Amino acid sequence: MINGGKPLVGHVSVSGAKNATVALIPAALLANDRCVLENLPLIRDVKVLMEILEQMGAKVREDENGTLEIDSSDLNHLHITNGKVKELRASYYLLGALLARFKEVSMAYPGGCDIGLRPIDQHVKGFRALGAEVEIEHGMINLKADRLVGSHIFLDVVSVGATINLMIAATMAEGTTVLENVAKEPHVVDVANFLNSMGADVKGAGTDVIKIRGVESMHGSTYMVIPDQIEAGTYMIAAAAIPGGDVVIENVIPKHLDSIAAKLTEMGVEVQFNGDSVRVISKGRPKCVDIKTLPYPGFPTDLQQPITSMLTQAEGTSMITESIWEGRFRHVDELKRMGADIKVEGRVAVIEGIRDLSGSNVSATDLRAGAALVIAGLMAKGQTEINNLFHIDRGYENLEGKLASLGAEIKRIKY
Ligand code: EPZ
């Protein structure tokens, strides 16, 4: 429940990156050993992965500071039918990790946010190129290989998931694997760094080409996840969206925020980087802009929904082109309930800026749609009730607590 219209003022700290974390946890299974992951966000996706790992025979322990210990030396269960797998997309990383270590795995088809078709053909193509037999039947994906052999794999689309999954799968393949046309997102680099800390030989992460020289075995490691670029961007937008906002967002990697900072600056917002923090100062009603979502370093699709909320009150007409997920406009109907003037045609949304949103009863349809509605609620006049918070809990640590500490009138009514 949000009482809107209050500018956000103060300091807020960003948690560990969700989309890195959900890959690091499966990657920890590559070693017949103990791994410690630090600075993990306290979010539902982590809890779900922990439950899956436990059922596979791993020993898992998390403390309240986000340090997770994973001992997978007794891992024995390679047939994962668990319904939990369907709760998050990233469960597909278990395929790459278990294929690499055991040459065999069987898992229910992964689920995740409903934001459009979510094929995994590029993952499958890569597993096959490494020498695995892949069968998809009765809702299960079955992988099996006598041996994995390095290969030259050219991705047809720039896919974060396929890049990370194939990097993980190739760590212990014989010879060298070259992945071309890969994703360059910060979490790709983070996973590569973790793999190297476990004894892998991965080079080129963060560029278009990644080379992986297979090693015989991997060992345990202690590793700290990077800060969450999307959480940081969400607070930057929230600070900028309500006139009078002045927020210092701490624990960020400025380079990861270049595209969102540039867009906010274009909208007339003041953005100042200082070491590992960024200060965002709202200068009143924002100007309209056009945005096209692109793979990193372009404008991230995961911030498209939050910034749409901000643009509903911008001066003039904005156009958003969603080039990654064709179904990522489901928040628009909810924003319309709050008075927004938005037309969607295919992958394009045209937003006519209005003066005021009005509080309403809305529902989160996916994770970032949830964040978008929270921002809209903070901007709106009156009271907004947001339902289906479980989407938000999947990926934002203590969103309402952090916003309340910035002066927002927000409280959770029901868990
Ligand atoms: C990751 O999803 C993120 N999820 C998504 O964040 C994010 O929106 C997306 O990357 C793009 O940045 C996780 O990291 C868990 P992709 P992923 O493979 O890896 C097509 C959030 O809100 N494609 O990069 O599943 C696909 O259809 C979530 O935190 C294929 O065609 O995305 C899409 O158009 C939502 N074949 C494009 O590539 C494939 O085999 C990019 O998808 C794989 C993908």
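**View 1. The largest pocket holds about 1100 Å³ of space.** A pocket is an open set of points on a 1 Å grid over the protein atoms alone, where a 1.4 Å probe fits, with protein on both sides within 12 Å along at least five of seven lines. Its volume is the space filled by probe spheres set on the points, which are joined across faces, edges and corners. The model is predicted: local features need pLDDT of at least 70, side-chain atom pairs count only at pLDDT 80 or more, and totals for chains, interfaces and linings use all residues. Residues are numbered from 1 along each chain as its sequence is written, and side-chain values use heavy atoms, without hydrogens and water.

**View 2. The lining of the largest pocket is made up of 48 residues.** Lining residues have an atom within 4 Å of a grid point. Nearest the centre lie Arg118, Val160, Gly161, Ile324 and Trp325. Among the elements that give two or more residues are α4 (121–129), α5 (160–169) and α11 (367–379), while α1 gives the most, with 4 residues. Helices (H or I, at least four residues) and strands (E, at least two) are DSSP runs, numbered from the N terminus. The lining has 25 nonpolar, 11 polar and 12 charged residues. Here Ala, Val, Leu, Ile, Met, Phe, Trp, Tyr, Cys and Pro count as nonpolar, Asp, Glu, Lys and Arg as charged, and the others, Gly among them, as polar.

**View 3. The chain is divided into domain 1 (2–15 + 227–410) and domain 2 (18–224).** These bounds come from an automatic or database domain assignment. The largest pocket lies between the two domains, because both give residues to its lining. The C-alpha centres of domain 1 and domain 2 are 30 Å apart.

**View 4. Domain 1 and domain 2 bury about 1900 Å² between them.** Buried area is the accessible area (1.4 Å probe) that two parts lose on being put together, summed over both. Carbon and sulfur atoms carry 53% of it. In domain 1, Tyr296, Trp325 and Arg394 lose the most area to domain 2, together 36% of what that side buries.

**View 5. The side chains of Asp45 and Arg394 meet in a salt bridge.** The N to O distance is 2.8 Å. A salt bridge needs a side-chain nitrogen of Lys or Arg within 4 Å of a carboxyl oxygen of Asp or Glu. Across the interface of domain 1 and domain 2, this rule finds 1 salt bridge.
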